[in-house]
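Me: I am new to this structure and would like to learn how to read its features. Could we go through them together, step by step?

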Amino acid sequence: MAYEPQADFGTPEVRADTQVTLTIDGRRVTVPEGTSVMRAAAECGGAIPSLCATDSLAAFGSCRLCLVEVDGMRGTTASCTTPVAQDMIVRTQTPRLEKLRRGVMELYISDHPLDCLTCSANNDCELQDTAAEVGLRDVRYGYAGAHHLGQQPDLSNPYFLFAPDKCIVCSRCVRACDEVQGTLALSVEARGFASKISAGQRADDFLSSDCVSCGACVQACPTSALMEKSVKAHGKPERAVITTCAYCGVGCTFRAEMRGEQLVRMVPWKDGKANRGHSCVKGRFAWGYAHHQDRITTPMIRESIDQPWREVSWDEALAFTAGRISAVKAQHGARALGGITSSRCTNEETFLVQKLVRAGFGSNNVDTCARVCHSPTGYGLKTTFGTSAGTQDFDSVMDADVIVVIGANPTDAHPVFASRMKRRLRQGAQLIVIDPRRIDLVRSPHVKAAHHLPLQPGTNVAVMTAMAHVIVTEGLADEDFVRARCDWDEYQDWARFVSASQHSPKFLEAVTKVPAAELRAAARLYATGGNAAIYYGLGVTEHSQGSSTVMAIANLAMATGNIGRAGVGVNPLRGQNNVQGACDMGSFPHELSGYRHISDAATRRMFEQDWGVALDPEPGLRIPNMLDAAIDGSFRALYIQGEDILQSDPNTRHVAAGLAAMDCVIVHDLFLNETANFAHVFLPGSTFLEKNGTFTNAERRIQPVRKVMETANGLEDWQVTQALANALGLGWAYTHPAQILDEIARLTPTFAGVSWDRLEREASLQWPVNDQFPDGAPVMHVDGFVRGKGHFVVTDYMPTDEKTGPRYPLLLTTGRILSQYNVGAQTRRTANTAWHPEDVLEIHPLDAENRGLKEGDWARLASRTGETSLRVSVTDRVAPGVVYTTFHHPETQANVVTTDYSDWATNCPEYKVTAVQVTPSNGPSDWQEDYAGLTARSRRIAAEPGE
Amino acid sequence: MSGTHDRLVYMANQIARNFAVQGETAAIAATARHIHDFWDPRMRDAIMAGEDAGLSDIAAGAIARLRGTLRSG
């Protein structure tokens with residue numbers, strides 16, 4: 001589309017049952033009761049001039065430009081703060097209003113630099129537009145008096161600048177930080193003429209302040225006072241394309257605003273139902289990796305991994321790859337081949353990779369990164385509810401009265417949803433946090449958890465069982481709901497189990513380290529506080545009892561009737577942008593798309609008829625099993641699209657050994673990642689900006705991904721997979737992802753009503769979309785569970801086999817940080833490194849003192865599996881005995897330390913519990929230095945002949 | 001996968017341990033079903049071909065059941 005700013009109705013939309021009709025400038029207008037006069041005017045096409053109003057923020061009424069006349073009211077009134085009334089008669093344009101507005105505007109402009117022609121906001125500036133709208137032609141006051149001109153800009157933030165001389169102190173930025181983001185980092189310093197926007201304390205600049213760089217202030221600013229540096233560099237955008245973010249599972253939609261092939265800025269799309277016009281530092285700003293110098297755009301091959309890479313044509317690379325795959329198949333059989341789909345790629349690309357493995361390679365050895373994150377969610381929710389997905393849409397949180405956050409850190413990992421959650425908490429919902437760390441949500445501005453249960457890592461099931469004990473033994477269960485919706489006999493078995501005295505909070509306190517009284521209070525609040533919603537993350541799933549905890553959570557929701565309506569539910573916060581979609585698309589080795597087991601003959605027959613090939617009826621290998629089998633010699637070749645298992649998967653040395661044992665490792669990615677150190681083929685990938693397709697977010701919302709610029713490598717990722725399939729003789733002929741989506745819909749009942757054309761029209765759909773739910777299902781299990789009766793599963797707490805002891809007395813748990821994403825392949829190649837240049841180890845002051853460690857010291861982090869070194873951060877965010885780090889940087893390789901222990905049902909690694917010792921160190925470990933050497937050798941690219 | 005037999009035994013025991021709360025008979029059936037549904041054939045073959053040493057009673061019962069069903073089939 002051609003560039004147009006997003007429509008702004010001045011004040012937020014109001015939802016009301018009652019409609020009100022009024023007259024504005026002679027036009028009859030009907031709007032919901034409670035709507036502002038400003039919005040009513042805008043909705044009928046008569047925008048009223050304003051500067052302090054924008055429809056993402058509550059009306060403020062400070063700029064006095066939006067004055068209107070209303071029959072029966074004395075004087076003039078601000079239209080932004082005046083609600084409509086039945087039969088109200090409003091005039092927005094009269095000589096008196098013109099004069100008033102012009103006078104106000106004149107005052108603003110009298111203290112504003114008149115450098116419009118060279119200003120980065122020229123022709124995209126509300127101040128400039130408003131001056132024109134009110135007919136301001138000159139300024140009578142001159143510039144000799146006091147003014148704010150010439151003040152130095154704050155350039156500290158890598159992505160945007162603050163120019164105080166351009167600021168009109170409308171407070172939109174402050175209010176955006178408060179109302180939209182919920183960080184409250186900005187304020188207005190001083191009073192009157194000295195008023196100035198301030199980030200944090202007076203000594204702070206934007207970078208050193210609490211600002212999380214979400215960009216809401218930049219988006220709200222009506223001038224160029226807060227402006228993206230990219231706009232200053234490239235100029236005003238000339239077109240905008242709506243697409244979906246490729247970072248976390250929130251699935252924010254953005255307008256990619258372009259000049260030619262240059263992305264100028266990403267602006268959250270106000271109509272996006274997942275993000276409602278908000279964003280975080282990653283989605284809005286961290287897209288520079290797309291043009292980073294490390295990007296590989298030419299295919300490369302090598303005979304063995306000790307050789308340098310050789311750049312070749314696509315034809316040569318594909319022929320080499322097909323030859324290797326065919327040779328392995330001929331010598332070792334189809335089950336020696338496999339693939340890994342990417343949760344960063346589209347549904348269509350993921351579907352094609354699993355199709356290539358099943359129909360082309362001839363095995364079911366396909367897996368995806370959900371193996372190491374939310375596979376227990378798939379198992380647990382399918383077992384209890386019948387569907388491997390969360391139950392709610394994100395909007396649902398605004399109807400929650402009690403919000404339980406378990407093993408998730410939304411302000412870091414799902415920041416845009418966290419802002420919605422915080423908004424609801426500021427409205428009065430109560431919060432329970434169950435996490436070993438004191439995450440930000442526990443106590444942040446205007447948010448305080450009613451209960452924080454700082455459990456011992458690895459005791460989730462015990463905590464859930466103890467909560468269930470309280471609910472059942474105190475008669476707080478919703479037995480009417482259970483009788484109507486669940487298997488009553490199973491419930492009784494479960495209730496008997498959890499009621500046993502050994503499952504009481506007091507008895508389990510020795511295990512969980514959670515004070516019994518606090519746990520009891522939290523359980524009572526969850527059961528009796530109104531609509532109660534559970535949101536959970538990898539702190540639940542990445543344990544040896546990850547699946548059990550998911551089922552225990554589902555048990556709690558069913559027992560209290562907190563399922564099947566807005567404001568409640570069980571909500572996994574998915575990690576990567578398309579991890580839900582990758583799972584939906586049949587990326588697991590035991591099931592085809594739509595979570596249907598590969599052994600089901602009728603389902604298999606449907607695919608066989610469509611694809612024209614017989615499928616293996618047996619489940620394939622999971623990623624850890626592939627690596628085991630590689631070391632044993634029965635698994636020989638692996639196609640990896642968009643994943644870096646060497647950095648992301650546990651026990652790095654074991655992963656390396658598995659990869660090194662294979663005959664052919666094919667890495668299809670943007671960069672020479674860590675896994676590529678062991679690859680024979682590198683197929684260059686395309687970014688989300690360079691392709692068409694769909695992503696499915698954590699609320700099952702399928703949204704279009706649109707190509708905004710040409711591919712750097714010449715092919716979108718689905719085209720690369722198709723080319724590889726055709727090199728193997730499969731004869732695929734897709735010309736657009738829409739055709740792949742049609743095939744998905746044809747073969748997947750939950751996607752039956754999904755098509756590219758429909759997504760173009762409706763912007764998003766939440767599966768299931770079929771005859772039963774023709775418009776999708778924002779909330780699931782409304783009238784009944786997908787599986788029929790809800791299934792209570794008795795979950796017995798089993799301590800992990802990873803034990804602390806004299807040699808390894810501390811427990812390591814790992815996680816993520818706001819500014820970095822997963823293995824950091826993208827975010828490390830952006831200015832986000834300003835906030836997180838390296839992984840650090842959080843350690844409690846007591847543990848640090850016992851070891852002679854101070855803030856910033858190097859420490860050796862060792863487990864039974866391996867060791868690495870990193871700097872420490874001394875903080876009481878972690879409890880004594882617990883240490884914490886992230887895994888964003890390959891130089892640290894936190895997964896050198898993590899173990900092979902995994903979830904009993906799904907093999908999801910137990911990243912969250914590793915027994916470790918921390919000792920002072922004088923720098924990187926021998927392993928890190930050796931690995932740096934390996935990486936350098938592995939990334940050599942041979943010079944072309946004659947160079 | 002003889003080299004990873006110990007790992008398979010560990011996995012089978014871990015599954016069995018989590019089903020044990022159902023009682024031995026049901027747990028044996030559930031463990032066998034789980035291994036049947038989620039393990040690659042070479043993993044199943046390897047554990048069925050190996051010694052039962054190290055397997056818990058429930059896991060051993062499940063493997064015995066799999067030997068009966070998979071091999072007879």
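Me: How much space lies in the largest cavity?

Reply: A cavity is a set of points on a 1 Å grid over the protein atoms alone where a 1.4 Å probe fits but cannot get out, and its lining residues have an atom within 4 Å of a point. Points are joined across faces, edges and corners, and a volume is the space filled by probe spheres set on the points. Here, the largest cavity holds about 470 Å³. Its lining has 35 residues, with Gly407(A), Ala408(A), Asn409(A), Gly539(A) and Lys912(A) closest to the centre. Please keep in mind that this is a predicted model: local features need pLDDT of at least 70, side-chain atom pairs count only at pLDDT 80 or more, and totals for chains, interfaces and linings use all residues. Residues are numbered from 1 along each chain as its sequence is written, chains are lettered from A and ligands numbered from 1 in the order in which they are written, and side-chain values use heavy atoms, leaving out hydrogens and water.

Me: What classes of residue line the largest cavity?

Reply: Ala, Val, Leu, Ile, Met, Phe, Trp, Tyr, Cys and Pro count as nonpolar, Asp, Glu, Lys and Arg as charged, and the others, Gly among them, as polar. This lining has 13 nonpolar, 15 polar and seven charged residues.

Me: How do strands β7 and β8 of chain A pair?

Reply: Two strands pair if DSSP finds at least two bridges between them. Strand β7 (residues 186-189) and strand β8 (residues 196-199) of chain A are antiparallel, with four bridges. One bridge joins Leu186(A) to Ala199(A). Six residues sit between the strands of this hairpin, where Ala190(A) has a positive phi near 65°.

Me: Is Ala484(A) buried or exposed?

Reply: Buried means under 20% relative accessible area, exposed over 50%, and partly exposed in between (1.4 Å probe, protein chains only). Ala484(A) counts as exposed because its relative accessibility is 51%. Ala484(A) belongs to helix α14 (residues 479-485) of chain A.

Terms used:
Helices (H or I, at least four residues) and strands (E, at least two) are DSSP runs, numbered from the N terminus. On a 1 Å grid over the protein atoms alone, a cavity is a set of points where a 1.4 Å probe fits but cannot get out, and a pocket is an open set with protein on both sides within 12 Å along at least five of seven lines; lining residues have an atom within 4 Å of a point.
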